[in-house]
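Here's a quick walk through one model, pocket and sheet included. Have the viewer open while you read.

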Amino acid sequence: MSAVEARLAELGLTLPEVVPPLAAYQPAVRSGAYVYTAGQLPMVEGKLPVTGKVGAEVTAEEAKDLARTCALNALAAVKSVTGDLDRIARVVKVVGFVASAADFTGQPGVLNGASELLGEVLGDKGVHARSAVGVAVLPLDAPVEVEIQVELAP
């Protein structure tokens, strides 16, 4: 078991299976020293636990938890192309999309779920730049979607 996966276990988390693509793309690709993930939905065992807009059908706290799930799914996608999460030198960038009710402006707080998970699991290697974007709708009516970019150690 890798040190990163051991840390996940300490946190009571298990790395899930990679979420299969919904269309014509790969869950993650490697280019040189970097891995870029596709947008990861908060799928759990092949299903979205909740759907709808944040600030309407979904609370900000629920969405924050869903963003954590997205980040966990992103780590699974990274592992699928690296074989070992211990190869992560650092998370470079996180981009998150929040399906938002018209008056919802708490996208950064929602995306803290993903950012905090990466910090808990990877420590200083999890510190990253980030964008948090409100959108009208996401695939499958998901409340949140997260993609990450990581740099690998040589």
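The lining of the largest pocket divides into ten nonpolar, four polar and three charged residues (Ala, Val, Leu, Ile, Met, Phe, Trp, Tyr, Cys and Pro count as nonpolar, Asp, Glu, Lys and Arg as charged, and the others, Gly among them, as polar). Keep in mind that this is a predicted model: local features need pLDDT of at least 70, side-chain atom pairs count only at pLDDT 80 or more, and totals for chains, interfaces and linings use all residues. Numbering starts from 1 along each chain as its sequence is written, and side-chain values use heavy atoms, with hydrogens and water left out.

Back to the pocket: 17 residues line it, and Pro16, Met43, Val44, Glu45 and Asn73 lie nearest its centre. Helix H2 (residues 60-82) gives the largest share of that lining, four residues. The space inside is about 290 Å³. A pocket here is an open set of points on a 1 Å grid over the protein atoms alone, where a 1.4 Å probe fits, with protein on both sides within 12 Å along at least five of seven lines; lining residues have an atom within 4 Å of a point. Volume is the space filled by probe spheres set on the points, which are joined across faces, edges and corners.

Now the sheet. It is open, with five strands in the order S1-S2-S5-S3-S4 and mixed pairing. S1 (28-31) and S4 stand at the edges with a single partner strand each, so one side of each has no neighbour in the sheet. Helices (H or I, at least four residues) and strands (E, at least two) are DSSP runs numbered from the N terminus, and two strands pair if DSSP finds at least two bridges between them.

| Strands | Bridges | Direction |
|---|---|---|
| S3 (residues 88-99) and S5 (residues 144-152) | nine bridges | antiparallel |
| S3 and S4 (residues 129-135) | seven bridges | parallel |
| S1 and S2 (residues 34-37) | four bridges | antiparallel |

For landmarks, Gly96 stands opposite Val146 in S5, Val95 opposite Ser131 in S4, and Arg30 opposite Val35 in S2. H2 packs on the sheet too, touching S1, S2, S3 and S5, and its direction makes about 40° with that of S5.

Finally, the axes of helix H1 (residues 3-10) and helix H3 (residues 107-122) come within 8 Å and cross at roughly 115°. Axes are lines fitted to C-alpha atoms, for helices over the stretch in contact, with angles from 0 to 180 degrees between N-to-C directions; contact means heavy atoms within 4.5 Å. Val4, Arg7 and Leu8 in H1 meet Glu120, Val121 and Leu122 in H3. By class, that contact has four nonpolar, no polar and two charged residues.
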